[in-house]
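Please consult the sequence and model shown below while reading.

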Amino acid sequence: MKIDVIGDVHGCFDELKQLFIELGYDWGNGIPRHPDDRIPVFVGDLTDRGPHSIKTLRFVYNLVVKEGIAKYVPGNHCDKLYRYFKGNPVKQQHGLETTVAELMQLSTSEQATVREEFIELVDSSPLYYHVPEVNAVIAHAGIRGEDIGQKNKRVKTFVLYGDITGNTLPDGRPERRDWAQQYDGDTWIIYGHTPVYEPRFVNKTVNIDTGCVFGNQLTAFRLPEETTVSVLSSMPLVKEKFKYH
């Protein structure tokens, strides 16, 4: 098995398409397929903040659900959109408002289709994706080694939001511990969630959220090669959104 794990897209569809080209995928009928049958795996946070959230989520739905040639795990932004589509009370902030604005430009029937497709995508996908063939786990914000194989509320919170302390940062985001420093497993943990300028390797973990929506890069991590491929973002750089370690 060969996989290409793709970092947080956040509606940056043009960069996503370019990344597939850089990774050697062939585009036929609007569907990227690799001549070596590589499998794309999306690490979550498909939508919010970027210019093409609806296009991105429908594209990933087609790859994962209709074509069956890709995998996906949800991120915290995905979880919030899912709850919105389910009719739960969620605040339209931290990017959700941009996705909802795009949605409102569609007809009522198109909105219903997008809603149904996204709910099906999330419902049919794992909380995190364990791939023994390449000795890896893909989890949006990471996962503790001892929690691999576990599924409960505590693990879900960690996978979606990271190792949160319960405190809040000045910009409203939850404060998070640097869990990767304590990871001592021999299975790759591939995650995103926290924007970094370059793919961040700590122990046998790699953060591939290189902040495309904040003007930096969109990155993929390839296994079994253990290499990264990135494309530049077209968005303006927002320096304060990045972790510098």
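Buried means under 20% relative accessible area, exposed over 50%, and partly exposed in between (1.4 Å probe, protein chains only). Helices (H or I, at least four residues) and strands (E, at least two) are DSSP runs, numbered from the N terminus. The model is predicted: local features need pLDDT of at least 70, side-chain atom pairs count only at pLDDT 80 or more, and totals for chains, interfaces and linings use all residues. Residues are numbered from 1 along each chain as its sequence is written, and side-chain values use heavy atoms, with hydrogens and water left out.

Seven of the seven residues of β13 are buried, so this strand is largely enclosed by the rest of the structure. Gln217, Thr219, Phe221 and Leu223 point one way from β13, while Leu218, Ala220 and Arg222 point the other way.

Two strands pair if DSSP finds at least two bridges between them.

| Partner of β13 | Sense | Bridges |
|---|---|---|
| β1 (residues 3-6) | antiparallel | four bridges |
| β14 | antiparallel | six bridges |

Aspartate 4 has arginine 222 in β13 as its bridge partner, and threonine 219 stands opposite serine 230 in β14. Three residues separate β13 and β14 in a hairpin, where glutamate 226 in the turn has a positive phi of about 60°.

A nonpolar core is a set of buried Ala, Val, Leu, Ile, Met, Phe, Trp, Tyr and Cys residues joined through side-chain atoms within 4.5 Å. The largest such core has 42 residues, of which Leu16, Phe42, Tyr72 and Phe118 touch the most other members. Elements giving two or more residues to this core include α1 (13-22), β13 (217-223) and β14 (227-232).
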